[in-house]
Amino acid sequence: MKIWTRCALSLLLVSGTAYAEKPTEQSVKEFLDVSKGKETFQQIEKQLDNMLENFNREADSGKTADLQKQKAVEKFKARVLSIRNETMDWDKLVSMFIGIYQDSLSQEEIDGLIAFYRSPVGQTYLTKMPQIMLKTNQQIQVTLIPMMDKIKSARQELKEEFEKIDKKKK
């Protein structure tokens, strides 16, 4: 009989977590508000703009482009900004975020996150997060550059190995 009691209790515990209350749309919006979701999104947009600006500088390669090339680069930049603005619009994406959070978190978890982000520690976290992300990105780049060089070298070795295999087949 003890085994059946344990099984029933386990089933109740599992089903209790499986059917946790889905967060309401309003509570997810509140979470996005207190966690400064829109501001974070706007920072990402600025980073994309900076990447585009860097791309434009690289395309010019430090040389003074002729007038036609400058116009082409400006046209390209305007087109990319238009594409970004059409695609990466906060008002359009917020419903996607709401769905993701509703599918991923329970009402209790959203409530806990809202309480955290309203707390002094949560506010400090939000204030410092952009700097943390910047430093993280810088450190990742420091790590990725040597890794990419090694991958490029390994790719070249694979290419050479393929050439040897092809020569042996002939």
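Contact here means heavy atoms within 4.5 Å. The legends below describe a predicted model.

**View 1. The protein chain as a whole is helical, with 7 helices and 0 strands.**
Along the sequence the elements follow the pattern α-α-α-α-α-α-α. The protein chain has 170 residues, and buried residues make up 16% of them. Its exposed surface comes to about 14100 Å², of which carbon and sulfur atoms supply 59%. Among contacts with a separation of 6 or more, residues 24 or more positions apart account for 80%.

**View 2. Ser35 sits in the loop between helix H2 (25-34) and helix H3 (37-60).**
Ser35 has 11% relative accessibility and therefore counts as buried, the cut-off being under 20%. A polar atom of the Ser35 side chain lies 2.7 Å from the backbone oxygen of Phe31. Once neighbours within four places in sequence are set aside, the residues in contact with Ser35 are Thr40, Tyr117 and Leu126.

**View 3. Helix H6 (residues 107-118) meets helix H7 (residues 120-169), with axes that come within 4 Å.**
The two axes cross at roughly 80 degrees. H6 and H7 are therefore roughly perpendicular to each other, since angles of 65 to 115 degrees are placed in that class.

**View 4. H2 packs with helix H5 (residues 90-104), their axes lying 10 Å apart.**
The angle between H2 and H5 is about 110 degrees, which makes H2 roughly perpendicular to H5. From H2, the residues in this contact are Glu25, Val28, Lys29, Phe31 and Leu32. They meet Val94, Phe97, Ile98, Tyr101 and Gln102 of H5. By class, the contact of H2 with H5 holds 7 nonpolar, 1 polar and 2 charged residues.

Note on methods. Residues are numbered from 1 along each chain as its sequence is written. This is a predicted model: local features need pLDDT of at least 70, side-chain atom pairs count only at pLDDT 80 or more; totals for chains, interfaces and linings use all residues. Side-chain values use heavy atoms; hydrogens and water are left out. Axes are lines fitted to C-alpha atoms, for helices over the stretch in contact, and angles run from 0 to 180 degrees between N-to-C directions. Helices (H or I, at least four residues) and strands (E, at least two) are DSSP runs, numbered from the N terminus. Angles under 35 degrees count as roughly parallel, over 145 as roughly antiparallel, 65 to 115 as roughly perpendicular and the rest as oblique. Buried means under 20% relative accessible area, exposed over 50%, partly exposed in between (1.4 Å probe, protein chains only). Accessible areas come from the Shrake-Rupley method with a 1.4 Å probe; for residues, only the protein chains shown count as cover. A polar contact is a pair of N or O atoms within 3.5 Å; within protein, one must be able to donate a hydrogen and the other to accept it, and residues adjacent in sequence count only if both atoms are side-chain atoms. Ala, Val, Leu, Ile, Met, Phe, Trp, Tyr, Cys and Pro count as nonpolar, Asp, Glu, Lys and Arg as charged, and the others, Gly among them, as polar.
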